[in-house]
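Please look through the sequence and the structure below before reading my comments. I have written them as numbered points, so that each can be checked against the picture in turn.

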Amino acid sequence: MSGETLMRAPSRVAGEGVFARVRFARGEQVVTVDSGRRVSRAEYERIDWSCYTGRIMQVDDDWFLEGIGAIEDFINHGCDPNVGFTVGAGGVALCALRNIEPGEEILFHYSTCEDHADWRQPCGCGSARCPGVLVGFRDLGPTDRVRLLPISLPYLRRRYGFRSEPISP
Ligand SMILES: [Zn+2]
């Protein structure tokens, strides 16, 4: 399905990106995020970043997903994203946060999946919201946490979400 509704093309954000070929209505699923090779934290920590050319994202407390060439592996980050994570019957997916027109680049916020203490990379996404640097969820300010938690991966919602604590006597 994604092959018909999405396409890869040069991006003004970075390298190659993913673009809508059709209109997506707000709330509609844009792409599932389930393909890839599962990588443990131990393996992740052994990666030599100086020569690593793959794409890898955190998907759970101790698990990462390394891209194997699926179209979703090429989605760029945006500080003002137009898709966010949801969990439905088909697993984890990226859904439209607003209506997306054909030709628009699909962007999700990388802090909605990454939570490393020292994870930090420059950002030139061009959004008015862009602080110029991208950090893990834990290093976000309170405003961004509130904005991004509802569209973050389940492990982040568990980790940082409001829990219903029993009322102490
Ligand atoms: Zn940015």
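1. Residues are numbered from 1 along each chain as its sequence is written.

2. Confidence. The pLDDT, which is the predictor's confidence in each residue on a scale from 0 to 100, averages 88 over the protein, and 93% of the residues score at least 70. Where pLDDT is low, the predicted coordinates should not be read in detail.

3. Overall make-up. The protein has four helices and 12 strands; these are DSSP runs (H or I of at least four residues for helices, E of at least two for strands), numbered from the N terminus. Its radius of gyration is 16 Å, close to the 15 Å that the globule rule gives for 169 residues, so the protein is as compact as a globular protein of that length. Here the radius is taken over C-alpha atoms, and the rule is 2.2 Å times the number of residues to the power 0.38. Along the principal axes, the C-alpha atoms fill a box of roughly 55 × 40 × 35 Å.

4. Strand E1 (residues 6-10) runs antiparallel to E2 and is joined to it by five bridges, where strands count as paired if DSSP finds at least two bridges between them. Pro-10 stands opposite Glu-16 in E2. Five residues lie between the two strands of this hairpin, and Gly-15 in the turn has a positive phi of about 50°.

5. The sheet E3-E9-E8. This open sheet has three strands in that order, with antiparallel pairing. Strand E3 (29-32) and strand E8 (83-88) stand at the edges with a single partner strand each, so one side of each is left without a neighbour in the sheet. Neighbouring strands are turned by 35° against each other on average, direction ignored; the axes are lines fitted to C-alpha atoms (for helices, over the stretch in contact), and angles run from 0 to 180 degrees between N-to-C directions. Six bridges pair E8 with strand E9 (residues 91-96) in the antiparallel sense, and in E9 the bridge partner of Val-87 is Val-92.

6. The sheet E4-E6-E5. Three antiparallel strands in this order form another open sheet. Strand E4 (37-40) and E5 are at its edges, each with a single partner strand, so one side of each has no neighbour in the sheet. Strand E5 (residues 56-60) pairs with strand E6 (residues 63-66) over four bridges, and a hairpin joins E5 to E6 through two residues. In E6, Leu-65 is the bridge partner of Met-57, while Trp-63 is the residue opposite Asp-60.

7. Buried residues make up 28% of the 169 residues. A nonpolar core is a set of buried Ala, Val, Leu, Ile, Met, Phe, Trp, Tyr and Cys residues joined through C-beta atoms within 7 Å. The largest one has 31 residues, of which Val-30, Val-31, Val-83, Leu-94, Ala-96 and Ile-106 touch the most other members. E9 gives the most to this core, with three residues.

8. Leu-140 is in the loop between E12 and helix H3 (142-148), and counts as buried because it has 21 C-beta neighbours inside 10 Å. Glu-104, in the loop between E9 and E10, has 14 such neighbours inside 10 Å and therefore counts as partly exposed. Leaving aside neighbours within four places in sequence, Glu-104 is in contact with Phe-19, Ala-20 and Asn-82.

Conventions
Predicted model: local features only at pLDDT ≥ 70, side-chain atom pairs only at ≥ 80, totals over all residues. Buried ≥ 20, exposed ≤ 12 C-beta atoms within 10 Å, placed from the backbone. Contact = placed C-beta atoms within 7 Å.
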